[in-house]
Amino acid sequence: MITFDNVTKVYQKDWVALQDISFFIDKGEFVFVNGTTGAGKSTLLKLIYKDEEPTKGTIKVLDQNLRLLKKKNLPKLRRKIGVIFQDFKLLQDRTLEENIAFALDVTDTPARDMRKQMLEILTYLRLSHKKFSFPYQLSGGEQQKVAIARALVRDPYILLADEPTGNLDEKSSQEIIDVLLDINYKGTTVLMATHNLKLIKKVKKRMLRIEDGKLAADQ
Amino acid sequence: MSLRIGIREGFRTITRNASLFLLSLLVTSIALFLLSLFAFVTVNLYHFLNILDEKIEIIAFLEENADYEALTSNILKINGVRDVIYVSSEQALKDLQAELQETEEVLSVFESNPLPASLRIKLLAKSRNARGLEEISGKVMLLRGIRETIYGGELVDQLKKITSVITSFDIGLLLIIIFSVIFVIFQTIKLTIFARATEIDIMKLVGASNSFIALPFTFEGIVQGILGGFIAFILTVVTQRVAVSFLSNIYFPQGYFFVGSLLCGIIFGIIGSSLALRKFLK
Ligand SMILES: Nc1ncnc2c1ncn2[C@@H]1O[C@H](COP(=O)(O)OP(=O)(O)O)[C@@H](O)[C@H]1O
Ligand SMILES: [Mg+2]
């Protein structure tokens, strides 16, 4: 599903963000990416959805070598990968429903399929009653769920979560992790980056630990 | 389908940044109005010149008792001559009276009609210049029965020179205005792209193709161009109405101006927004 082979990422001014990273993630796995702030977690996720290019090494995602992926085919890859962030990245001037539909708009999804998919995802995340609310009318946890819905509405193979609980209290955080686990249970490969060890201690899942840009542990 | 969404998003873009849109619409309209105004002046200038050009002719005065029919057919054989009209001496007198709006009193000082008969020689377009006039007039002079020829050769060339100067001035101005309209639309789309950076990021994240992302902005550019063109057209019509009250004989092909304004607006809109998109939508 995802393969990193001796991947190094150097930002401009010789700043090494990731160094010689190698790992393999199988279909249906749930993996935490852990490390302190600045360790390189976000960089690692960005490399997977090709928001950044590796300086060295090979990355394969969904059987595609990202280096060989043509620019015009990038949108097609992105449609198979859902991404959520700490700051939700919702559009403030659109309702919850419009925010989710946004992800379906970009492809020619027929109206009928769209309605069905929307209904499914809203029911699954128990957001139906708020679908006409705007992001600022929702709690942090609910906003993150909307972001998850937007990432999920197109049935991605992979879900990447970059500090999804960073802005949430403990209870909401737990709820989000439970949702991610359930999504994974249904077959989606999930990668969640977090600096918060305490939060994920109880969850028995694989963890890639990154320290100063190097892969320190894979357990 | 995605066109529908593109248009919907385009409208959203415009309404979200309404003040920016209106401001640049104002500038676009003024620039297109200037363009239209110059087209208006130029078209009228050419129209006027055409009328003058049509009037360029050689007048050949005949000797008394000349055989005007034979002369006419001979002159018609000269290369560059389009038409020959005979004006009898009586006709010339009547024309003069009509022109002077005088009664016969003034002219009755003459005992007999002092005006000679003449042939008015109309020329083909290619000969309506100083050289053509001189050549043809020279040939006409050689014919028996011609007393004298007159034509306004220098004046004609002067007029043509002025026309070409004005034309090149027009083209220069045209380029400046086209450039500024495109520039204004370019700037507007640039600012809207910046204002919608989050939206664009999310679109890319969820897998929107570049052309899909570009659609709303192109749409905005086109709308701005069309509206600007339309406003410019209305302003030109108003100007024309005012001009008519001062000058008679104003030439204004309204249909061409309408289509031209909108078309210019659309084309500049597309060019301006595509340039901005190419530059800022990485
Ligand atoms: N676009 C960038 N340009 C330069 N340096 C960057 C950029 N993005 C991240 N970095 C640097 O790379 C390192 C890793 O960043 P990041 O992957 O965001 O860490 P984390 O997500 O683990 O906090 C940090 O030192 C950060 O400052
Ligand atoms: Mg980070």
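In this predicted model, helix 8 of chain B gives the most to the lining of the largest pocket, with 6 residues. The pocket holds about 770 Å³ of space. Its lining comprises 27 residues. Nearest the centre lie Asp51(A), Leu74(A), Arg78(A), Lys204(B) and Lys282(B). Two elements each give two or more residues to this lining: helix 2 (74-78) of chain A and helix 8 (197-205) of chain B. By class, the lining has 13 nonpolar, 3 polar and 11 charged residues.

Rolling a probe the size of a water molecule over the atoms shows where empty space is left. Across the whole structure, 2 cavities of 30 Å³ or more are found. The largest cavity contains about 120 Å³ of space. It is lined by 13 residues, and Ile81(A), Gly82(A), Arg150(A), Ala151(A) and Val206(B) lie nearest its centre. Strand 6 and helix 5 of chain A are the elements that give two or more residues to this lining. The lining divides into 8 nonpolar, 1 polar and 4 charged residues.

The second largest cavity has a volume of about 50 Å³. Residues of chain A line this cavity, among them Leu47(A), Lys50(A), Pro54(A), Ile59(A) and Arg67(A). Strand 4 (residues 56-61) of chain A gives the most to the lining, with 3 residues. Here the classes come to 4 nonpolar, 3 polar and 4 charged residues.

Chain A has 7 helices and 10 strands. Its radius of gyration is 17 Å, close to the 17 Å that the globule rule gives for 219 residues, so chain A is as compact as a globular protein of that length. The C-alpha trace of chain A spans about 45 × 40 × 35 Å along its principal axes.

Within chain A, 6 strands form an open sheet of mixed pairing, in the order 6-7-8-3-9-10. Strand 6 (81-85) and strand 10 (214-218) of chain A stand at the edges. Each has a single partner strand, so one side of each is left without a neighbour in the sheet. On average, neighbouring strands of this sheet are turned by 20 degrees against each other, direction ignored.

Inside the sheet, strand 3 (residues 30-34) and strand 9 (residues 206-211) of chain A run parallel and are joined by 4 bridges. Val33(A) stands opposite Leu208(A) in strand 9 of chain A. Helix 5 (residues 140-152) of chain A lies across strand 6 and strand 7 (158-162) of chain A. This helix runs at about 165 degrees to strand 6 of chain A.

Technical notes: Residues numbered from 1 in each chain as written. Chains lettered and ligands numbered in written order. Predicted model: local features only at pLDDT ≥ 70, side-chain atom pairs only at ≥ 80, totals over all residues. Heavy atoms only, no water. Pairing = 2+ DSSP bridges. Axes fitted to C-alpha atoms, helices over the stretch in contact; angles between N-to-C directions. Contact = heavy atoms within 4.5 Å. 1 Å grid on protein atoms, 1.4 Å probe; cavity = no way out; pocket = protein on both sides within 12 Å on 5 of 7 lines; lining within 4 Å. Points joined across faces, edges and corners; volume = space filled by probe spheres on them. Nonpolar A, V, L, I, M, F, W, Y, C, P; charged D, E, K, R; others polar. Rg over C-alpha atoms; globule rule 2.2 N^0.38 Å.
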